[in-house]
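Here's a quick tour to read with the viewer open. Keep the sequence handy and click along as you go.

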Amino acid sequence: MFKTDFNLDEIKKQRGKKHEGFIELCSKVDGSKIRMPYIIICGEQDGPTFLVDCCIHGDEYEGAEGIIKATRSLSPKDIKGTLVTVPVVNLEAFADGQRVAKMDWTLQDMNRCFPGNPEGLITQRIAYFYTENFIKKADVELSFHGGGNFLYLEPLCAARPPRPELFEYNKSLAKAFGVQVIWIGLPSFAGTTLTATTEAGIPLLVAELGGQGVRHEHREELVDRCANGIKNVMKKMGMLDGEVKERDDYVEVKLKYVHTDEGGFHHMLKKPLEAFKKGDVVAEVTDLFGDKVGEVRAPMDGVLVGYWSYSTINPGNWSFLMGYTD
Amino acid sequence: MLNKEFDFKALIKERGEKKKGFVELAQKIGGDQVKIPYIVVAGKKDGPTLLVDCGHHGDEYEGTEGIIKATEMLNPDELSGTLVAVPALNFEAMCDGQRVARIDWSFQDMNRAYPGNFDGQITKRVTAFYRENFIKNANYMISFHGGGNSLYLEPLAAFSPSDTSTKLGAEASRLAHAFGVKVIWADIDAAPFLGAAITATNEFGIPMVEPEVGGQCVRHLHREENVNKCANGIINVMKAIGMLEGEPPKVEGQVDVGIEYLHTDEGGFHQPKKRPMEACKKGDVLSEITDLFGHKIGEVIAPYDGMVIGYWSYSTIHPGNWAFLYGRKL
């Protein structure tokens with residue numbers, strides 16, 4: 001269990017102020033601390049508490065930069081309620097450029113660890129601390145993810161209500177975020193942030209933007225989209241003045257991860273948002289001599305939403321994410 | 001000593017054929033082998049031996065795919081001499097998606113490991129084997145690199161030896177200019193690294209072209225284009241040395257540059273302020289380093305008038321790492 005006197009309720013009492021700093025959680029081998037950074041803007045007026053985080057996976061940076069950009073552009077005078085941000089939840093993984101923190105004896109994907117365990121491995125402990133001290137004190141959570149080191153993802157936002165009657169409200173927030181693709185339906189894994197937000201009874205938004213595969217040309221644009229997405233949701237929640245312009249081209253889909261049987265060079269044959277039919281070859285895998293060693297076929301009709309953009313792929317890994325409707 | 005039976009001259013002896021395979025070097029823990037893949041295209045007619053490799057650094061794939069593509073395109077009937085291609089030299093690193101092979105207890109950058117050591121760690125053993133069996137027997141060499149997991153690099157071709165007043169240097173320069181990219185790195189011999197592959201080509205008097213093409217930061221939009229650049233570059237050099245009929249196309253606006261690596265003092269988010277090939281003045285801020293709260297904690301400054309050739313395109317950078325490959329016209 002972490003020994004820290006961090007108390008969000010106490011910080012929230014100081015209205016009309018920006019707070020930034022690190023929560024020190026425990027000691028590391030070199031004497032430095034495992035930490036959690038926060039940037040909190042307490043509006044002058046009362047209102048809801050909106051929690052925004054990034055880097056539950058350490059290699060997904062666009063949301064972290066978007067949080068930093070949004071919080072620097074906002075003044076406590078502008079805000080009703082409290083914007084609580086944690087630009088990097090998994091700081092050890094982030095500093096290492098990896099999806100997961102390597103210091104755990106048995107590697108843990110933090111987005112499979114919720115609601116966490118105060119007596120477990122460090123990643124589980126952080127997930128627990130975050131659930132208890134942040135998620136359970138929020139009215140809505142927006143958690144940023146992205147393509148990281150390997151994936152291309154069409155910018156999207158998921159709507160994850162804690163109970164069915166909040167679905168429409170949750171979806172209206174996801175639509176306000178500002179991207180075309182709206183991911184409805186449940187995640188494919190147990191232990192994501194949804195476990196904690198469901199326990200807390202709050203709507204969850206999961207935005208996926210960016211990745212190393214597009215950073216040379218699109219990093220700034222994607223960071224801006226993250227920053228603007230935060231503000232758009234705040235407007236929709238009544239925390240900021242202004243109207244949110246709805247898009248007229250939303251694509252609402254469920255998502256399925258499709259894995260490759262074979263490893264080698266991974267060649268995507270479809271473009272993002274291109275439609276395909278059940279049985280279509282969506283990707284090919286070739287060996288070092290250019291010979292085809294595998295294919296990845298569409299398990300049902302759908303559209304391409306994301307794909308493994310790294311040149312090579314290991315057997316069993318995600319080849320692509322496809323969108324589908326029932 | 002690794003694989004004493006391997007005979008390079010026997011490998012390339014038969015004319016008019018393509019062959020492919022692996023040279024097995026050492027058994028690994030799991031029972032499979034540390035190995036070097038090769039693709040040989042032996043022309044019907046005699047001629048020089050061109051050695052083309054990629055993957056001294058395991059995360060630089062565009063040259064690998066370019067090699068595979070070029071060898072598929074080539075017809076032995078139309079070829080004079082022999083193309084010996086090694087698409088993934090540092091095979092352990094490549095399969096791991098890493099610059100260096102992690103099976104070495106003490107990490108070795110293969111492009112700092114020459115001349116290698118038959119009795120050393122595996123990276124040095126592979127290097128020694130490759131130098132002794134492949135490089136030594138080549139007349140020309142192309143060794144592909146690229147931006148890998150973290151860098152953006154303007155497509156370029158370096159050549160060695162850099163001294164163009166020598167016959168060898170002039171020939172290397174001619175081939176780099178024939179490769180087909182705009183930027184020519186004309187002082188790579190001055191790069192501050194010991195043990196690069198150019199030490200072996202210089203030792204044996206072989207003209208070397210070292211292209212840098214591609215990287216993960218442009219793969220969503222430009223992978224195919226960059227792979228084609230690599231494949232065509234091989235074909236262009238083969239034309240320039242008479243292995244194929246025809247002339248390599250002229251490249252408009254080529255610029256010869258010297259390149260220096262600029263390191264960052266501080267770590268954090270790396271925010272480049274200049275775009276590749278943008279002219280910069282001495283003292284210009286090339287990039288800023290910011291912390292988790294958006295505060296500026298460092299800058300990388302242009303040391304003289306020049307231009308950005310490459311930069312660290314990953315969002316974050318560790319202190320001491322390369323922020324830029326900075327060029328000046330020569």
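What follows covers the overall build, the domains, the chain contact and a few local spots.

Keep in mind that this is a predicted model. Chain B has seven helices and 17 strands. Both chains come split into two domains, with domain 1 at 8–236 and domain 2 at 254–324 in chain A, and domain 1 at 8–240 and domain 2 at 260–329 in chain B.

**Chain B as a whole**

- A compact globule of 330 residues would have a radius of gyration near 20 Å, and chain B comes in at 20 Å, which agrees.
- Of the 330 residues in chain B, 53% count as buried.
- Take the chain B contacts between residues at least 6 apart in sequence: 69% of them join residues at least 24 apart.

**Domains in each chain**

- In chain A, the C-alpha centres of domain 1 and domain 2 are 29 Å apart.
- Where they meet, 13 residues of domain 1 of chain A are in contact with 12 residues of domain 2 of chain A.
- On the domain 1 side of that chain A contact, strand 6 (151–153) and strand 8 (181–183) are the elements that give two or more residues, and strand 6 of chain A has the largest share, with three residues.
- That side of domain 1 of chain A divides into eight nonpolar, four polar and one charged residue.
- In chain B, the C-alpha centres of domain 1 and domain 2 also lie 29 Å apart, and the contact pairs nine residues of domain 1 with nine residues of domain 2.
- Strand 6 (151–153) of chain B gives the most to the domain 1 side there, with three residues.
- By class, that side of domain 1 of chain B has six nonpolar, two polar and one charged residue.

**Where chain A meets chain B**

- The contact takes 26 residues from chain A and 26 residues from chain B.
- On the chain A side, strand 2 (33–42), helix 2 (62–73) and helix 7 (215–236) are the elements that give two or more residues.

**B:Pro37**

- B:Pro37 is found in strand 2 (residues 33–42) of chain B.
- Is B:Pro37 buried or exposed? B:Pro37 is buried because 22 other C-beta atoms lie within 10 Å, and the cut-off for buried is 20 or more.
- Leaving aside neighbours within four places in sequence, B:Pro37 is in contact with A:Leu288 from chain A, plus B:Phe22, B:Val86, B:Pro87, B:Ala88 and B:Phe91 from chain B.
- B:Pro37 and B:Pro87 are 50 residues apart along the chain, yet their C-alpha atoms are separated by 6.6 Å.

**Helix 6 of chain B**

- Helix 6 (residues 197–204) of chain B has B:Ala197, B:Ile198, B:Ala200 and B:Thr201 as its buried residues.
- Looking down the axis of helix 6 of chain B, these buried residues fall within an arc of 155°, so they line one face of the helix.
- An α-helix has 3.6 residues a turn, so residues three or four places apart point the same way.
- The buried residues of helix 6 of chain B pack against helix 4 (122–133), strand 5 (140–144), strand 7 (156–160) and strand 9 (208–212) of chain B.
- Just after helix 6 of chain B, B:Gly205 takes a positive phi of about 70°.

**Strand pairing around strand 11**

- Chain B has an open sheet of four strands in the order 14-13-11-16, with antiparallel pairing.
- The edges of this sheet are strand 14 (296–301) and strand 16 (316–317) of chain B, each pairing on one side only.
- Strand 11 (residues 268–272) and strand 16 of chain B run antiparallel and are joined by two bridges; B:Phe269 has B:Thr316 as its bridge partner in strand 16 of chain B.
- Over in chain A, strand 11 (residues 264–268) is mostly covered, with four of its five residues buried.
- Strand 11 of chain A is joined by two bridges to strand 16 (residues 312–313) of chain A, running antiparallel, and A:Gly264 has A:Ile313 as its bridge partner in strand 16.
- Four bridges join strand 11 of chain A to strand 13 (residues 281–286) of chain A, also antiparallel, and A:His266 stands opposite A:Val285 in strand 13.

Technical notes. Residues numbered from 1 in each chain as written. Chains lettered and ligands numbered in written order. Predicted model: local features only at pLDDT ≥ 70, side-chain atom pairs only at ≥ 80, totals over all residues. Contact = placed C-beta atoms within 7 Å. Domains from an automatic or database assignment. Nonpolar A, V, L, I, M, F, W, Y, C, P; charged D, E, K, R; others polar. Buried ≥ 20, exposed ≤ 12 C-beta atoms within 10 Å, placed from the backbone. Arc of directions from axis to C-beta. Rg over C-alpha atoms; globule rule 2.2 N^0.38 Å. Pairing = 2+ DSSP bridges.
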